[in-house]
Amino acid sequence: MDNLHVDTLVVGGGIAGMQAALDLADQGFQVALVEREPSIGGKMITLSKVFPTLDCCSCITTPKMSAVAHHPNIHLLTYCELQSIEETGSGFHAAIVQKPRYVDARKCTGCRECEYACPVTVPSPFDRGLGAYRAIRVPFSTAVPQKAVLDMENCILCGKCEKECPAGAVDFTQQPEPFEIETTTIIAASGFELTPLNAKKEYGGGKLRNVVDPLMMERFLAPTGPYGRVLRPGDGKEPTSIAYVQCAGSRDQTLGVEYCSRVCCMYAVKQAMLISGALPMADITIYYMDIRTFGKGYEQFYQNAKAMGVEFVRGKVAAIREDGEQNPVIKVELTEEGRIVERTFDLVILSLGMTPAPGSNGTTSTSLSASLGLPLGTDKFIAIPAPNANPCASARPGIFVTGTAMGPMDIVDSIVTASSAASAASAYIREHQKEAVYA
Amino acid sequence: MTHRVDSSLLYELKEFGAVGLEKCINCGNCTAICSLSKEDDRFPRHMIRMAQLGMKDELLGSQELWLCYNCGDCSETCPQQAEPANFMAAARCYAVTHYAPLKIGNLFCKRPLLGGSIAALMVLFFSIFMYGESQTMATEQLKLFGFIPYELIHTAGLIGMVLIGLLSVVAILTMMSRIARVNHLSFKDFFNGTRMNWIRAFWDAVIVQSLGQKRYREECETPENTRVWYFSKWFVHAATMWGFLGLLFATALNYLLDIIGVKATGAFVPIWYPTRLIGTLSGLLFMYGVSALLYKRWKSVDKAHSFSRPSDWIFLTLLWLSGVTGFIIEIALYLPGAPLWGYWMFIFHVAVSITLLLLLPFTKFAHAIYRIVALYIHALKPSAEAKPTQPEAAAAD
């Protein structure tokens, strides 16, 4: 890999990172976008629809992904990992590693012949493990770049893909390639991860098969989803009664997550609406402590869901067990009536919250902030010292933060902070260039 | 019904150690996770709500307070860490001071130094008093009742028992009248239905639940929290209680044997003599239970044992001291010669035991009486109006 010299290095290719990169590139700055997954798109490309407009997520995300890939001012570096940064007089010096795809990206045309030949089937993280793909594959249908990647952990080295590839792109001998980027500014857009499904033992500790996380539900509801319809994973039955357990991963001090994750109420309401469309006969109940619909148009959205017949019940679900037919049974106090009930559902969704994205090895949640030398807030997200005066500035001059890397937020706010970070970075670069000229 | 609001209730409860109460957002997790909380007895959230709203009369008229065995599940899972189990314990302490006369319980629930000093002074007073009445110290063999006259101890014990009995009756009546007022019941309702009905309720409260610890054993133990059966919450508690009752039984039996002229109190008996054997075995069980309870509170082994009030410590310490001194006396009895410290230990033992008894209505000890009353009411389910008959209930479904 050749070393690069850019104005801004964006770390993370989700919706926030892409938006920040595009805003800067459109102003004429040189941008390098580093993404650790083989495709950009982040979490948003896996979602079904956005609230409160119910627009199709793919329809918003894919054009941005293409725009990033084709922008003359953006160097898209997928399947790359930021190792460390060093301050230089004029900015930063970033050490990056290109992870081996075992496919020559310059030769690969995305024809998928390798994928058809591969005999190994692996659960697909893109479908939250509900669907499967091959050990060598284009990550998903709308992936950018449309290049195959081989996962060596599951590969049996049968060599079929290598034989089938018409471009001769499969290369089992690839090694990690370190390279360097000189940059004036950095934008951290490392995103979030869901709080773990198995964290609460009262909720079955992740062992109940028909208790799922909200991103699984997004895949059920997405047109590109694994089944193309809503089925419960335990036995493939079409659910007729569905419950949402709000605050299943947030506002819970026993989990160490004291904050409100801000999106759970809205995605639950949204999914409930979408389920009402997909399964018109299904009963949907949302158990909540508080419903927080604070954004523009959000309260109306919530009222619409109520009017559509989605049942909202105040009470924190205390425990979930399973009956003999794998049906989750929830126990809750209906706090407005003062009654304690046990109720059986076909499917339960735990409205999990947001935690900072973990490191690539899955062991540390602070990898990006550590490699960037950024302090964390009490919530473990990257700290923003002056959120009112300078909402995207990190504690280090020249490094900006956007999207859920700084705290839980929805897509609307992620895009707002992305443009805000781009604007702050742009001002910083110009100031810096001026100094360089007059020095 | 009009509700009187006591705006200082929350602050008052805090003095009893109800920390974190203001964090409660009434999500209902505690009530739903509680294995004892049912349709008719809703706690702890219901009680917390009363405390937050200043509904003092309703709180003090809730027998549900005494249905809780402090398993700690609610505190372990409370998303706000508002410590509902600790609140229940604090509210029970609050109730103890309000049921017993003159609010003497305040001293032991809120003031560790003052409460502890009073207990210590009582022990000292009774010791000095008995020393003043003491007679000869036999040196060839320990003759305890030759040292402190047998009549003195008996008279003191009986006066103490009668006093405590009277105080307990007053306290129980206070508790029942508070429960009655809040639930629109008359005293007659506590004995409603056939005689069989309330005898059965009494049986359930005293034998099945109190002596048998049924609900405590079956519903308040979570497998993850119970490492070994002999360290489980219910067993440690049961060991203390059974041991205590065993000692009481041995003493009563001893007295009975004296009355019917089989054996004079204080006469030397071998270790296998029935009353001595019952006493020794009960004592061992009792000492195990009390020591385990003290250890759990000292080490804060779980949520349920992390918050202790002065009343808990004073009660457990007195229990432990009475048990330990009893065993030292027993050792002295069987040692060759008559070690003098055996006599001093005897004075101390009697003083501690009398103090323990006299403080019953004002310390943690009081739970023994209130819990039985609450369990009785729970089993009887008194109601002012007649309940809907079976067909009506079916029709409502």
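How many bridges join strand β19 of chain A and β20(A), and in which sense do they pair? I looked this up first. β19(A), residues 328–334, runs antiparallel to β20(A), and the two share 6 bridges. For my own bookkeeping, strands pair if DSSP finds at least two bridges between them. Helices (H or I, at least four residues) and strands (E, at least two) are DSSP runs, numbered from the N terminus.

Note on the source: this is a predicted model, where local features need pLDDT of at least 70, side-chain atom pairs count only at pLDDT 80 or more, and totals for chains, interfaces and linings use all residues. Residues are numbered from 1 along each chain as its sequence is written, while chains are lettered from A and ligands numbered from 1 in the order in which they are written.

**The sheet in chain A**

I330(A) sits opposite R343(A) of β20(A), and E333(A) has I340(A) as its bridge partner. The β19(A)–β20(A) hairpin leaves 4 residues between the strands, and I found G338(A) there with a positive phi near 75°.

Stepping back, I see an open sheet of 3 strands, ordered β18-β19-β20 in chain A and paired antiparallel. Its edges are β18 (317–322) and β20 (339–344), each pairing on one side only. I noted an average twist of 20° from one strand to the next; axes here are lines fitted to C-alpha atoms, for helices over the stretch in contact, and angles run from 0 to 180 degrees between N-to-C directions.

**A helix pair in chain B**

I then turned to α10 (150–182) and α17 (367–380) of chain B, which pack at about 40° with axes 10 Å apart. That makes α10(B) oblique to α17(B), since under 35 degrees is roughly parallel, over 145 roughly antiparallel, 65 to 115 roughly perpendicular and the rest oblique.

From α10(B) the contact takes residues including A171(B), M175(B) and I179(B), and from α17(B) they include Y370(B) and V373(B). Contact means C-beta atoms, placed from the backbone, within 7 Å. Ala, Val, Leu, Ile, Met, Phe, Trp, Tyr, Cys and Pro count as nonpolar, Asp, Glu, Lys and Arg as charged, and the others, Gly among them, as polar.

**Where B touches A**

Last, I checked the interface: 18 residues of chain B contact 18 of chain A. On the chain B side, α2(B) gives the most, with 4 residues. By class I have 5 nonpolar, 9 polar and 4 charged residues on that side.

Technical notes. Two residues are in contact if their C-beta atoms, placed from the backbone, lie within 7 Å.
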